[in-house]
Amino acid sequence: MSQGPPPGESSEPEAKVLHTKRLYRAVVEAVHRLDLILCNKAAYQEVFKPENVSLRNKLRELCVKLMFLHPVDYGRKAEELLWRKVYYEVIQLIKTNKKHIHSRSTLECAYRTHLVAGIGFYQHLLLYIQSHYQLELQCCIDWTHVTDPLMGFKKPVSASGKEMDWAQMACHRCLVYLGDLSRYQNELAGVDTELLAERFYYQALSVAPQIGMPFNQLGTLAGSKYYNVEAMYCYLRCIQSEVSFEGAYGNLKRLYDKAAKMYHQLKKSETRKLSPSKKRCKDIKRLLVNFMYLQSLLQPKSSSVDSELTSLCQSVLEDFNLCLFYLPSSPNLGLTNEDEEECESGYAFLPDLLIFQMAIICLMGVHSLKRAGSKHYSAAIAFTLALFSHLINHVNIRLQAELEEGENPVSAFQSDGTDEPESKEALEKEEPEPEPPTVVPQADEGRKSRKHSRLSCLRRRRRHHPPKAGDDSDLSEGFESDSSHDSAQASDGSDSGSDKSLEGRGTAFDAETDSEMNSQESRSDLEDMED
C-alpha cells in the first residue's frame, strides 16, 4: 500500500486556493461599490472624497496580493481591474467633466495628485516584479532591480515558465500604463511630460517588440504634428505588428478622412506671391498633406482613378525634392518678425526622423498592397523607388560638399580685404536669387563652369549644416518642432550680427560671401600655379 502525503502538504495547496477565492470575492465586491459611485451624475465631485479614495486604495492592495498569489490564473485579470477601476475610469470621468473643473480648484489639485500617485505606484510595481522574479531587463529600461553584488549569487526563483512569462508581460504593461499617465499629465496646463510618455512607450516596445499597442499610444501622443504624418506612421506600425491593436484601424481611418478634407481645402486656397519664409511653410504643408492623401489612396480597398493617382504621385515627388533643400539654418532666408509670426504654426524644414518615417510608410504601403494583391501595387513600387532616388541624390550632394571642404579647407580668417568687394560683386551677379532651387542640382551641373559648381556645392553645404543646439539625434527629434524653430532663429540672429561689420550690406546672402570668396580665390591661385 502506498503511503499518503504528510499532513501539512495536502492542506497547503487547498489553503492557497481558498485564500485566492476569498481575495477574488473581496476584489469583486470593491469593484461593485466603485461602479455604484461612478453611476452618479455628480460622480466627479465624489470620486476624490476620503472614503472613496480609501476604497480604491483597498482595491489596489487586494489586486496586488491576488496577482502575486496566483499569477497564471488571476494575474492578468487583477492587472486589468487595478488599472481600470483605480486609475483609468477616474481619469476619464474628470476629462469628460473638465468644463466643470476650474483651474487651481480643489478638484484639479486632487486630479493632479491622482496622476502623480499612479506614476509612483507603477514605478514601484515595476521594480517589485523584477526583484521578485529576478528579471534581467537592463538592456530594455532605464531603472532595473540590480542584484546586490556583495551577495555573489542570485536568489533562487521558484517560478514556472508561465509565471515568468506573465512577469515579463506585466513589466511591459506597467510601462504602457506609465506612458498613459504621463500623457494625461501632458494635457494639463503647465506640465510638459510628452518626452517622458514617449520614452515609456518605447521602453515598453523594447520589453515586448511583438506587441503593437504602444505604437497606437504613440500615435495618440503625436496628435496632429506634421499634419498627422507622424500619427499615421505610428498607427501603421501598430497594424503591421505581430500582435496588432484593433483600435488603430479606426484611428487610421479618421486620419485619412482628415487628409482628404485638408487636400481639397488646399487645392481651393488662393495662390499669391509669398515671402521666402511663408513659401517654405506652404511648400512643406502641401507636401505633407498631399503625401497623407496619397497614402489614403494607396490602400488595398481604395477605388482611386489611375490618372489622379499618377498626377498626385508626380506632385508629391516634386515637392519632396524641393523641400529637402529647406534646412534649419539657411543663411539665404531672412526671417522678419511678421514672417516668424505667420509661420509659427507651420514648419520650415523636414526633420531627419520625419523623412525616415515617410520612407517607412511607403514600404509598409507596398507590403500591404502586395499581401492584398491590389492593382495599385506596381504604382506604389514606382513611387517608392522614385522617392528613394531623390533621397539618395540629396545624400550624394551633401557628401560631395563635405568631401570638397575636407580636401580644400578654407579658413574665414585668411581672406584678403583688397579683393573682397570685387569678388562679392561677381558672386552677386552669378547668383541674384537666393531662393533654393526647385530641381535636382545634378541635372544642370554639366552646363556650368568648374568654379561655379564648386561654389554651389559649398553654398548648399552651408545652408544644410544645422547648428549644434538643434541637432537632436534621439527618439524625440521629429517631435520637437519648436526647438528647431528656436535654433533657426538663433542662427539668423548670429548672421545679422556679423552683417553689421560688412559696411551696411545686411542681407542674408552677404553672410556667406566670405567663405565662398575665399574658396574662389584659392582655386584661382592654384590654377595660376598650374599654368
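Student: In this model, are E89 and K85 buried or exposed?
Tutor: The model is a predicted one, in which local features need pLDDT of at least 70 and side-chain atom pairs count only at pLDDT 80 or more, while totals for chains, interfaces and linings use all residues. Residues are numbered from 1 along each chain as its sequence is written, and side-chain values use heavy atoms, with hydrogens and water left out. A residue is buried under 20% relative accessible area, exposed over 50%, and partly exposed in between (1.4 Å probe, protein chains only). By that rule, both E89 and K85 are buried.

Student: How far apart are the closest N and O atoms of E89 and K85?
Tutor: A salt bridge needs a side-chain nitrogen of Lys or Arg within 4 Å of a carboxyl oxygen of Asp or Glu. E89 and K85 sit four residues apart, about one turn, in helix α4 (residues 71-96); helices (H or I, at least four residues) and strands (E, at least two) are DSSP runs numbered from the N terminus. The two side chains form a salt bridge, and the closest N and O atoms are apart by 3.0 Å.

Student: Which residue forms a salt bridge with E108?
Tutor: Side chains of opposite charge can pair when their charged atoms come close. At 3.1 Å between the closest N and O atoms, the residue bridged to E108 is R112.

Student: How many residues apart in sequence are the parts that K225 and E194 tie together?
Tutor: The side chains of K225 and E194 meet in a salt bridge, N to O, at 2.3 Å. K225 lies in the loop between α8 (213-222) and α9 (229-240), and E194 lies in helix α7 (residues 194-207), so the pair ties together parts whose separation in sequence is 31 residues.

Student: How many salt bridges does the count come to?
Tutor: Some of them form a network that links K279, D283, R286 and D319. By the rule for salt bridges, the count comes to 11.

Student: Which residues is Q299 in contact with, leaving aside its neighbours within four places in sequence?
Tutor: Q299 is in the loop between α11 (276-297) and α12 (306-323). Its side chain reaches the backbone oxygen of Q295 at 2.8 Å. Contact means heavy atoms within 4.5 Å; with neighbours within four places set aside, Q299 touches Y256, L369 and H376.

Student: How far apart in space are V243 and I211, C-alpha to C-alpha?
Tutor: V243 is in the loop between α9 and α10 (247-268) and is partly exposed, because its relative accessibility is 39%. Beyond four places in sequence, the contacts of V243 are Q210, I211 and G212. V243 and I211 are 32 residues apart in sequence, yet their C-alpha atoms are apart by 4.9 Å.

Student: How many helices does the protein chain have?
Tutor: Of the 531 residues in the protein chain, 45% are buried. The chain has zero strands, and its number of helices is 19.

Student: Over which residues does pLDDT stay under 50, with 148 contacts beyond four places in sequence?
Tutor: pLDDT is the predictor's confidence in each residue, from 0 to 100. The chain has a mean pLDDT of 77, with 68% of its residues at 70 or more. Where pLDDT is low, the predicted coordinates should not be read in detail. The stretch with pLDDT under 50 and 148 such contacts is residues 412-529.

Note on methods. Polar contact = N/O pair within 3.5 Å; in protein donor to acceptor, adjacent residues only side chain to side chain.
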